[in-house]
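The sequence and the model are shown below.

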Amino acid sequence: MLAVQELNQRMKNISINYFLIDVHKDKESYYAISEEELFNPDNHLALCGYILNLIMDGRLDEISGCLDRVPESLLITKLGLRLIDPRVSWREFVKIIDKLKELNRPITSVVLTVGRPSLMNGLNDFSRLGPLLKKYKALILEDLKYICDEKIVLYIYNLLLAEYNYQQNNLVEAEMLVSSVIKAFDKHDERRLLFSALYLQSKIFLAQGKTVNADSYIEEINNRSKEKGKAEFSYNIDAVHVLFSLYEGNVKRITTWLKDSAPDEYKDFNMLDTYRYLIKIRCYMVTKNYAAAIALAEKIRFLLTAGKRHLDLCEIDLLLAMNFFQAGKKDFAFQALERALKIARRRKLYRLIADEGEIMLQVLLAYGEEKNYSELKSKETDFFMKIIEMTREMAITHPHYLKVYFPDNQKFSQMEIDILKLLEMGKSKEEIGRYFFISLNTVKYHLKKIYTKLEASTSNQAVWNARWIGLI
């Protein structure tokens with residue numbers, strides 16, 4: 001166990017050479033601090049580390065009691081800790097900024113992209129701010145000066161605006177904004193924000209139907225990210241790598257990450273890994289482990305609800321909808337989808353839904369058929385039809401994304417492979433029968449076995465799946 005004095009000393013270097021991931025590694029030492037030592041004003045830095053661990057461990061109910069005992073002599077510390085409390089409402093967040101302005105005491109050490117490669121969904125869920133960004137630009141710029149370095153305030157604002165435009169599918173404006181901030185964050189050595197900006201740029205490329213090479217993207221991140229500050233987001237680099245591998249259909253990388261690098265939700269659950277858990281749910285779905293995906297989603301959904309993370313909750317419900325749908329539980333899938341649609345419609349999160357591609361399109365179409373569109377109000381119908389159109393585009397341009405993985409132990413006879421090759425050439429059942437001197441019923445027998453192994457219902461689907469796994 002580390003002494004409280006050592007923990008104070010380490011916290012002095014927070015975000016310099018001691019990062020959140022390090023704070024969590026030392027959590028047993030923070031939790032071992034006595035109450036008398038913990039609330040001693042001289043140990044306020046160790047108290048910060050203690051509360052950070054409560055947040056990362058999802059022990060949110062214990063935070064208020066700790067903050068109530070922080071002496072008024074440490075008001076700035078108390079305000080800073082309230083800022084990072086996941087349960088703080090938007091109104092409370094603004095009040096804290098106003099208090100800092102009144103005291104003229106900025107807290108510029110706040111990590112705005114904590115836990116996720118996003119600014120709008122980083123420290124807090126800023127998605128509510130989206131519609132107000134242009135209208136109240138001057139006020140927002142002034143407020144940002146009290147939680148980040150003044151020299152990058154405008155670039156942070158522009159990245160927020162870029163993320164909001166992306167969600168609204170204003171891709172050209174989003175691309176122009178993010179291109180400008182990438183240069184600025186690179187110049188000012190703001191690696192955490194640079195990572196978020198490069199991530200957004202790649203998402204824009206995907207939405208435009210372009211291909212993002214996973215290896216090249218990670219290489220660029222590593223080349224641009226110097227050692228200083230990299231540890232603040234390095235734990236998410238592998239998850240982003242896997243996300244883009246999902247678009248490529250790189251099953252080997254996905255399964256290797258699941259086995260060797262993915263966070264273990266049963267061993268040491270950490271809210272700092274929220275983004276990685278979201279990627280892991282997708283990997284579970286690709287490997288058809290729907291029960292594990294649903295269990296993990298429900299586990300973090302509870303904590304995200306307490307933390308008022310609406311963007312994350314919307315994403316979780318979308319993932320739940322797809323997993324339930326794939327598992328054949330349509331009622332549960334539609335319940336989750338309705339919760340997600342409610343948030344997405346209110347906050348105009350078009351791309352959050354559309355980016356999930358083909359499986360999400362299947363869920364949306366099945367839901368629309370079930371409702372017969374008659375139960376949807378006029379505005380709901382407009383929104384629903386728009387996301388179907390956008391999701392269809394992603395399904396067509398990125399057909400490998402979330403494509404279900406077929407296990408290696410599925411064996412195909414040479415006859416089955418040859419039949420698949422003939423199907424690929426456009427041959428009919430009758431023509432295939434003549435090739436092998438077999439009856440039409442025998443051809444149908446072989447096709448039934450092929451369809452079962454490839455989880456296909458048509459010859460075109462069987463050919464596509466066979467190509468995808470390298471069988472033909």
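At 26% relative accessibility, Asp189 counts as partly exposed, and this value comes, like the others here, from a predicted model. Asp189 is placed in the loop between helix 11 (171-187) and helix 12 (191-207), and its phi is near 60 degrees, a positive value in a residue other than glycine. Lys288 likewise has a positive phi, of about 65 degrees, although it is not a glycine; the residue sits in the loop between helix 16 and helix 17 (290-306) and is partly exposed, with a relative accessible area of 28%.

**Buried charged residues**

Asp125 is found in the loop between helix 8 (90-103) and helix 9 (137-144), where, at 6% relative accessibility, this residue counts as buried because the limit for that class is under 20%. Its side chain makes a polar contact with the side chain of Ser127 at 2.6 Å, while a polar atom of the Asp125 side chain also lies 2.7 Å from the backbone nitrogen of His310. Once neighbours within four places in sequence are left aside, the residues in contact with Asp125 are Met120, Lys308, Arg309, His310, Leu311 and Arg347.

Lys453, in helix 25 (residues 440-454), is buried as well, with a relative accessible area of 18%. The side chain of Lys453 makes a polar contact with the side chain of Glu416, at 2.9 Å, and Glu416 falls within the span of helix 23 (residues 414-424).

| Residue | Partner | Distance |
|---|---|---|
| Asp125 side chain | Ser127 side chain | 2.6 Å |
| Lys453 side chain | Glu416 side chain | 2.9 Å |

**Packing around helix 23**

Two packed helices are described by the angle between their axes and the distance between the axes. How do the axes of helix 23 and helix 24 cross? The axes of helix 23 (residues 414-424) and helix 24 (residues 429-436) come within 10 Å and cross at roughly 135 degrees, which makes helix 23 oblique to helix 24. Their crossing is right-handed, and the contact is made by Met415, Asp418, Ile419, Leu422 and Leu423 of helix 23 together with Ile432, Tyr435 and Phe436 of helix 24. By class, the residues of this contact divide into seven nonpolar, no polar and one charged.

Helix 23 also packs with helix 26, at an angle of about 115 degrees and with the axes 9 Å apart, so that helix 23 and helix 26 are roughly perpendicular to each other. The crossing of helix 23 and helix 26 is left-handed. Here Leu420, Leu423 and Glu424 in helix 23 meet Ser459, Ala462, Val463, Ala466 and Arg467 in helix 26, and the contact has five nonpolar, one polar and two charged residues.

**The buried face of helix 15**

Which residues of helix 15 (residues 251-260) are buried? They are Val251, Arg253, Ile254 and Trp257. What covers these buried residues includes helix 13 (214-224), helix 14 (234-248), helix 16 (274-286) and helix 26 (459-468), and helix 26 is also the helix that packs with helix 23 at about 115 degrees.

How values were computed
Residues are numbered from 1 along each chain as its sequence is written. This is a predicted model: local features need pLDDT of at least 70, side-chain atom pairs count only at pLDDT 80 or more; totals for chains, interfaces and linings use all residues. Side-chain values use heavy atoms; hydrogens and water are left out. Buried means under 20% relative accessible area, exposed over 50%, partly exposed in between (1.4 Å probe, protein chains only). Helices (H or I, at least four residues) and strands (E, at least two) are DSSP runs, numbered from the N terminus. Contact means heavy atoms within 4.5 Å. A polar contact is a pair of N or O atoms within 3.5 Å; within protein, one must be able to donate a hydrogen and the other to accept it, and residues adjacent in sequence count only if both atoms are side-chain atoms. Axes are lines fitted to C-alpha atoms, for helices over the stretch in contact, and angles run from 0 to 180 degrees between N-to-C directions. Angles under 35 degrees count as roughly parallel, over 145 as roughly antiparallel, 65 to 115 as roughly perpendicular and the rest as oblique. A crossing is left-handed if the near helix is turned anticlockwise from the far one by less than a right angle, and right-handed if clockwise. Ala, Val, Leu, Ile, Met, Phe, Trp, Tyr, Cys and Pro count as nonpolar, Asp, Glu, Lys and Arg as charged, and the others, Gly among them, as polar.
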